[in-house]
Amino acid sequence: MALLRIEKLTKAYGGLVAVDSVDFKIYEGQIKALIGPNGAGKTTIFNLITGMEKPDDGETFFNEQGITGLKPHQIARLGISRTFQNIQLFGEMTVLENVMVGRHPRTKAEFFASAFRLPPVGREEKAIAEDSFELAKFIGIVSKAQTLAKNLSHGERRLLEIARALATEPEIILLDEPAAGLNDRETGELGELIYRIRDKGITVFLVEHNMGLVMEISDEVVVLDHGKKIAEGPPLLIQEDEQVIEAYLGKEIEHA
Amino acid sequence: MQVKNSGILKKYIPLAVFSLAIFLLPVYISNYEMKTLIFVGINAIVAMGLCLLMGYAGQISIGHAAFYGIGAYASAIITTTYGLSVWIGFLAAILLSGLVALLIGMPSLRLKGHYLAMATLGFGEIMYVFFVEMDQLTGGTEGILSIPPLSIGKFAFTTSKQIYYVVWIIAILLLIVALNVIHSRVGRALRAVHGSEIAAQAMGVNTSKYKIQIFVLSAVYAGIAGSLYAHFVNFINPSPFTLNFSIILVIIVVVGGMSSIWGALVGSFVMTLLPEYLRVFQEYNLIIYALILMSVMIFMPSGLVPGFFNLVNQFKQKEGIWRFLESKN
């Protein structure tokens, strides 16, 4: 049974079909990558899965339950979390607080109880802080716990996005270009981190341009071009696939 | 587990110091000054609510004077026309202002963008007309006279000192409620919405629900202040509940610094006391407000309270560099 299954997912902006009847499955425990040239519709697929945009056609199933049309916060509650290509941190909050927001869907204190700080609220707050601290440690940014997110380096911001997403206790995490702007050492560490996330039992689905990273860590790769799926399979086969090579490098000139 | 709990200390020390100062102040000041400070307290209650909305939910209300008015009229009508107890009036002020905010907030806060500002601007004007024209209910421009003072059993709060303590005890309780909300799961969710709405949603935050809740809370603060005002001055008419006051409230929050609830308090002191001490220029009140707003925006764009802490931090950093250089020598 697939953990996440998308069927004939389609999204058009005016005349431009950004995602054209795409389907694929992601199985539990996989590291799966979604690649394709710029403008192929990769981020749109992330937005469709997480409910940030509504598909024109097609459906998404999570644990065989239809989630198309649910609101983003409902989808997050179900166990799908994500990071953003253009980093979306809460800049005026500290690193720890950013991660603490991620604990939101797994905690309960509502408005009234919080306003009067009823006893369970205090206990829950403590647990939220401790869990978030553990995650900051796991991701390796604990030394910056009290730093405002806006004052972090680019690499640290990418890590914090991942920590925050993990705090929601997802079954699957969607990473949107996690290696963008990272140097080689940071990219290597990111690869290690993705393995460690998978080892926690979390399925990983990533959009990435760094082919070295993708080919090294992915179990399977989906290739998108002009909104259409043109290939799917293990990295070694994808590298050999003619259509993929064509999409990236253009058609080989026929020699006379 | 060594999670730093400095947040708790940061939260309670200023609160204790502030409460003590408020408690002791009446010993040193005149009756007239105490009356002014009662108004500071009433304004501070409205401003704290508005600050929660502006600073923590990133939304603006340009009609908070109307909720203040609803609280005042609800209290006044219940206690005079219907002759019921002041505490029922107080409760009615809370319920009515909250309910009306819910009705306005539900449609306008589900939309992205600043539709709430538009909706509250219109609402404020409508309520003003309502207060003036519905004279059977509100007494029209004449207003409502002989509103009873707050009382517990047979004991009525009538002297300035008594009212001062009632108003400020309520203000401090509401400050604690506001601090609790800010330093909670809900408060973090709201600040997250302010930082990045889509990221907040991706973290499972139901953004429109929290925005509506905080708007209702901020209207309830205004309603409470309105009720206190009515029982303090014992007479109300529509004139304090205009667009003008709504805008002054926004200025109070901006001048104090909307990223801190303390900003609302400092803003209320500054914006209520300054015109009071500059009475000679009374006709130029609006110009004075504008000048204060402009100078704060130019020199401390984040407001007085956050601006002050920025200065302190800068000073500390300079000192740090100085010590570092000394240790090198």
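Colleague: What share of the contacts in chain B with a separation of 6 or more comes from residues 24 or more positions apart?
Modeller: That share is 77% in chain B. Keep in mind that this is a predicted model.

Colleague: And how many helices and strands does chain B have?
Modeller: Chain B has 14 helices and two strands. Its radius of gyration is 21 Å, close to the 20 Å from the globule rule for 329 residues, so chain B is as compact as a globular protein of that length.

Colleague: What does the C-alpha trace of chain B span along its principal axes?
Modeller: About 80 × 50 × 45 Å. Of the 329 residues in chain B, 46% are buried.

Colleague: Which residues have the most contacts inside the largest nonpolar core?
Modeller: Those are A:A163, B:M48 and B:V253, in a core of 173 residues.

Colleague: Let me pick B:M48. What does it touch, leaving out residues up to four places away in sequence?
Modeller: B:M48 touches B:L174, B:L175 and B:A178, along with B:Y221, B:I261 and B:A264.

Colleague: Now the interface. How many residues of chain B are in contact with chain A?
Modeller: There are 24 from chain B, in contact with 36 residues of chain A. On the chain B side, the elements giving two or more residues are α7 (160-182), α8 (185-195) and α9 (197-202). The largest share, seven residues, comes from α8(B).

Colleague: What's the make-up of that side by class?
Modeller: The side of chain B that touches chain A has 12 nonpolar, eight polar and four charged residues.

Colleague: Switching to chain A: how far apart are the end C-alpha atoms of helix α7 (residues 184-199)?
Modeller: They are 23 Å apart, which agrees with the 22 Å that its 16 residues should span at 1.5 Å a residue.

Colleague: Which residues of α7(A) are buried?
Modeller: A:L190, A:I194 and A:I197. Seen down the axis of α7(A), the buried residues fall within an arc of 60°, so they line one face of the helix.

Colleague: Why would residues three or four places apart point the same way?
Modeller: Because an α-helix has 3.6 residues a turn.

Colleague: What do the buried residues of α7(A) pack against?
Modeller: They pack against β3 (31-35), α6 (154-166), β7 (172-176), β8 (203-207) and α8 (211-217) of chain A.

Colleague: And which residues are exposed on the other side of α7(A)?
Modeller: A:D184, A:R185, A:E192, A:Y195, A:R196 and A:D199.

Technical notes
Residues numbered from 1 in each chain as written. Chains lettered and ligands numbered in written order. Predicted model: local features only at pLDDT ≥ 70, side-chain atom pairs only at ≥ 80, totals over all residues. Core = buried A, V, L, I, M, F, W, Y, C linked by C-beta atoms within 7 Å. Buried ≥ 20, exposed ≤ 12 C-beta atoms within 10 Å, placed from the backbone. Contact = placed C-beta atoms within 7 Å. Helix = DSSP H or I, 4+ residues; strand = E, 2+ residues; numbered from the N terminus. Nonpolar A, V, L, I, M, F, W, Y, C, P; charged D, E, K, R; others polar. Rg over C-alpha atoms; globule rule 2.2 N^0.38 Å. Expected span 1.5 Å × (residues − 1). Arc of directions from axis to C-beta.
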